[in-house]
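This report looks at one protein chain.

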Amino acid sequence: MKKQIITISDNRIVYLNNDEITDPIKVVHDFFSHAWLPNHLKMLKRWRNDAALESEKSKKCSPDYLVYHYELTIKLIEAAWLLKRHKPGRLDIDDKQERDIAKWYIKTERKKLRHYPENLSIREIVKPSSVIKKMFRIYKPDGYKKILHTWLHNALSSSFIEESLSKSEVITVYEQLVKLFEATWLISERIKDG
């Protein structure tokens, strides 16, 4: 009798249900139904500061809101992992050849949308899915999950644990999440508007 070896993917989807796995854009819409882009970015910054910066002041995030935001962020990362093969929210503009058209479209879209990304390049605004692809070249979903799990524990801890995170991990993950939030915001708004 042969032994059956079951391999488990390191990047398995854990937080999403079957409907969300089938249609990961639902997760993106759900993420922004809980808060607007600026509120998500503010929370992310507070969470990063509570997790990575030593301070005499008390932590800014309440534990229940922190866990809630952690789970929303993990779900968004898992949905982005599923969306990385697709090109949702992409504008039909070749930004290299038609840069002026892209700039005009961005200017028009910026007026139309309530919030607009501040940290994305023109190319990333034209092709927000490129942000997702780049993000997963740095870390795979499990890498982000492990780092954010550490952030969660550090932010919930009453003492500062300096050795648990390197500065480059904190900066890299924070910057990637800011871009992910902005790119998925654009994707959500563009898909919603058709």
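This is a predicted model: local features need pLDDT of at least 70, side-chain atom pairs count only at pLDDT 80 or more; totals for chains, interfaces and linings use all residues.

The partners come from distant parts of the chain: Glu124 belongs to helix α6 and Lys134 to helix α7 (residues 129-138), 10 residues apart. Glu124 is buried, because its relative accessibility of 2% falls under the 20% cut-off. Lys134 has a relative accessible area of 34%, so it counts as partly exposed.

Glu124 also meets the side chain of Lys179 in a salt bridge, at 2.9 Å from N to O. Lys179 sits in helix α9 (residues 167-193) and Glu124 in helix α6, so this pair ties together parts that are 55 residues apart in sequence. Lys179 is partly exposed, with a relative accessible area of 22%.

Why are Glu189 and Lys192 separated by about one helical turn? Because they are three residues apart in helix α9. Glu189 is buried at 10% relative accessibility, whereas Lys192 is exposed at 53%. Elsewhere, salt bridges that share partners join Glu78, Asp142 and Lys145 into one network.

How many salt bridges does the structure hold? The count is eight.

In general, side chains of opposite charge can pair when their charged atoms come close.

## A positive patch

Some charged residues form a surface patch instead. The patch is positive and consists of Lys87, Arg90, Arg123, Lys133, Arg137 and Lys140. Arg123 is placed in helix α6 (residues 122-126), the helix that also holds Glu124. Is Arg123 buried, partly exposed or exposed? Its relative accessibility is 37%, so Arg123 counts as partly exposed. Glu124, by contrast, is buried at 2%.

## Helices and burial

The protein has nine helices and zero strands. Along the sequence, the pattern reads α-α-α-α-α-α-α-α-α. Of the 194 residues in the protein, 46% are buried.

Helix α3 (residues 37-52) has 16 residues. From first C-alpha to last, helix α3 reaches 22 Å, close to the 22 Å expected at 1.5 Å a residue. Which residues of α3 are buried? They are Leu37, His40, Leu41, Met43, Leu44, Trp47, Arg48, Asp50, Ala51 and Ala52. The list includes the charged residues Arg48 and Asp50.

Leu76 lies in helix α4 (residues 63-83). Its relative accessibility is 0%, so Leu76 counts as buried.

Methods. Residues are numbered from 1 along each chain as its sequence is written. Side-chain values use heavy atoms; hydrogens and water are left out. Patches are made of residues with over 30% relative accessible area and no salt bridge: like charges are joined within 9 Å, nonpolar side chains (Val, Leu, Ile, Met, Phe, Trp, Tyr) within 5 Å. Accessible areas come from the Shrake-Rupley method with a 1.4 Å probe; for residues, only the protein chains shown count as cover. A salt bridge is a side-chain nitrogen of Lys or Arg within 4 Å of a carboxyl oxygen of Asp or Glu. The place of a charge is taken as NZ of Lys, CZ of Arg, CG of Asp or CD of Glu. Helices (H or I, at least four residues) and strands (E, at least two) are DSSP runs, numbered from the N terminus. Buried means under 20% relative accessible area, exposed over 50%, partly exposed in between (1.4 Å probe, protein chains only). The expected span of a helix is 1.5 Å times one less than its number of residues.
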